[in-house]
Amino acid sequence: MPEPTEHPNGSTTQPSALGPIGDILVAAGVVDKERVHDLLKEHGGGRVETELVGERLVEQGVIERKDLLTTLHEAFRKEIEAYQDAPDSTPILRFAGIKKTLDNRNVLDGVDLEIPANKITAIIGVSGGGKTVTLKHMIGLMKPDAGEVYVGDQALGELPNRKLNDIRKRFSMLFQGGALFDSMNVFDNVAFPLREKTKLSEEKIRKRVKQNLARVNLGAMGGKFPDELSGGMMKRVALARAMVTRPEIILLDEPTAGLDPIIEHSIHHLICDTFLRSRYTMVVISHAVPAIFNFCHHVVVLHQGKVLEAGPSLDIVNSDNPVIRQFINGELHGPIKVI
Amino acid sequence: MFLFLFQVVIHFALPPFRPRNLLQQIHFIGIRSLFVIILTAVFTGMVLGLQGYYTLSRFGSEGLLGPAVALSIIRELGPVLTGFVVTGRAGSSLTSEMGVLRIKEQIDALETMGINPLKYLVVPRMEAGILTLPLLNAIFDVVGIFGGYLVAVQLLGLSSGTYFGGIEANVSMHDISVGLIKSFSFGLLISWICTYKGYVTKRGAEGVSKAVTSAVVLSFVMILVWDYFITSIML
């Protein structure tokens, strides 16, 4: 039986015997329950092994990777539809009237938003619209000029650094460029937050890093340095680093920026896959419209420093708002003046 | 800039301590500057020996060449030139490294992990700067005096007893401590200015290049200004 997941805030989640991916594959009839049981017995069980069930089944030729991805995507699509029918998740992050001026420009001009817990939320909007600034406010990297950011019930406003660091333990962030440390190889980059912020033994750290690199299909790349990786690989390493501390909330700043459409699609699948395994709250900034609507429950549209619309992704994609329509369709003419 | 220094100094005393980071920086600032320090020192000593010999010989005072070379190096040229060399070789690298860490969001990444970037990145660099400058200066002094010896004794025929005897008779502990205090304070100045300029870098590659130029120029000027004040106090 896999051990329960321990979160930084002290809460625990009891996983199912087959693991989240095993449950999905069995429910979809892609694989027999007994086969998954045998597989887990073979690999000694454990929480991470249950999370890696999909990869193990592909490695052993029991299922095709294509079938795994299709099944997971189908499971996620059902979740999106269910969320549209009943968007009932309680907010884990909340902005109340956030204002921020940078270089004499009102980047955020009274932003009120809520991020639902244990869901994937996408923040979309035109470039320079304050999306990254919004993300940085969530984790306390930037302080608002006015308004308040709440993580759960805790206002970040005047928190001393030590308490802010305690709050940050609940987060991980994937930066636009990956922000991998150039002087460290891939393995050490992923191990870094564990070595610095936990008292885990080096043996346990090695095990957890290997498992997280395997999750992003980079198990053999531990010895490479960031400058030897492609853009897509860097993003995957950064995602592995973000997951390795088992946070509650993962913030992803344009995880697909500058990638070709195939890699972009694979990163979206990876995010979706990560969510289905671990049920993290994920906040994704993305320009990958309309693809992103298939990979998130909730969407927040930022425009001119305000939240223009927020809601289930299927509602936003069908919105009549002319700004949203122009943005989704990528039209030159409309309320957003580009040229 | 003063607030930055204040915050860093407070973190000198606060855990966690990362001796490995400190050793890496001592290696980078100290050991990797050694060759260029030795090269600069030997030629500085040689040129002082040459110039000093011809100047002093006009007054029939060649015998004072040893103390002239030693005092010039120990009190002034050693600390100042060591400061210049370390600024050019290591200080510029510190600024560009910190600048790249800033623009590639690696400093932000540290903060999101709950790691204080001042403690993790700046403190070991400043400690290493403060510790290594006096050591490099001491090496500069010894090698510089040896450079003067090469010219004065081996080339121009002054007796080695006159050269070293004059040094022993005229150089006091006060002279040595003036040089070491200068180099200690230059170490603080260089590492402070260079890490600060990198830490606050903005606007991409151009920002990094501007930060490096500004750090090097400011370090050079501040070394000379501070040198004047210390000299006037400790004469």
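**Domains, core and contacts**

Modeller: The domain assignment of chain A gives domain 1, residues 5–85, and domain 2, residues 92–329; please keep in mind throughout that this is a predicted model.

Biologist: What separates the centres of domain 1 and domain 2 of chain A, in Å?

Modeller: Taken over C-alpha atoms, the centres of domain 1 and domain 2 of chain A are 23 Å apart, and the contact between them involves 20 residues of domain 1 and 19 residues of domain 2.

Biologist: Which elements give two or more residues to the domain 1 side?

Modeller: In chain A those are α1 (19–27), α3 (47–51) and α5 (65–85), with α5(A) supplying the largest share, nine residues. By class, this side of domain 1 has twelve nonpolar, five polar and three charged residues.

Biologist: Staying with α1(A), which of its residues are buried?

Modeller: Gly19(A), Pro20(A), Ile21(A), Gly22(A), Ile24(A) and Leu25(A) are buried in α1(A), and just after that helix Gly29(A) takes a positive phi of about 75°.

Biologist: Now the largest nonpolar core: which residues touch the most other members?

Modeller: That core has 142 residues, of which Leu251(A) and Ile271(A) touch the most other members. Helix α6 of chain B, residues 117–155, gives the most to this core, with 14 residues. Domain 1 and domain 2 of chain A both give residues to the core as well, so it lies between them.

Biologist: And what is Leu251(A) in contact with, leaving aside neighbours within four places in sequence?

Modeller: On that basis, Leu251(A) is in contact with Leu135(A), Met138(A), Ile139(A), Phe171(A), Met173(A) and Val283(A).

Biologist: Changing topic, how many residues does each chain put into the contact between chain A and chain B?

Modeller: Chain B contributes ten residues and chain A contributes 14 residues; the chain B side divides into three nonpolar, three polar and four charged residues.

Biologist: What does Ile98(A) touch, not counting residues up to four places away in sequence?

Modeller: Ile98(A) touches Leu108(A), Val111(A), His137(A), Pro144(A), Gly147(A) and Val149(A).

Methods
Residues are numbered from 1 along each chain as its sequence is written. Chains are lettered from A and ligands numbered from 1 in the order in which they are written. This is a predicted model: local features need pLDDT of at least 70, side-chain atom pairs count only at pLDDT 80 or more; totals for chains, interfaces and linings use all residues. A nonpolar core is a set of buried Ala, Val, Leu, Ile, Met, Phe, Trp, Tyr and Cys residues joined through C-beta atoms within 7 Å. A residue is buried if 20 or more other C-beta atoms lie within 10 Å of its own, exposed if 12 or fewer, and partly exposed in between; C-beta atoms are placed from the backbone. Helices (H or I, at least four residues) and strands (E, at least two) are DSSP runs, numbered from the N terminus. Domain bounds come from an automatic or database domain assignment. Two residues are in contact if their C-beta atoms, placed from the backbone, lie within 7 Å. Ala, Val, Leu, Ile, Met, Phe, Trp, Tyr, Cys and Pro count as nonpolar, Asp, Glu, Lys and Arg as charged, and the others, Gly among them, as polar.
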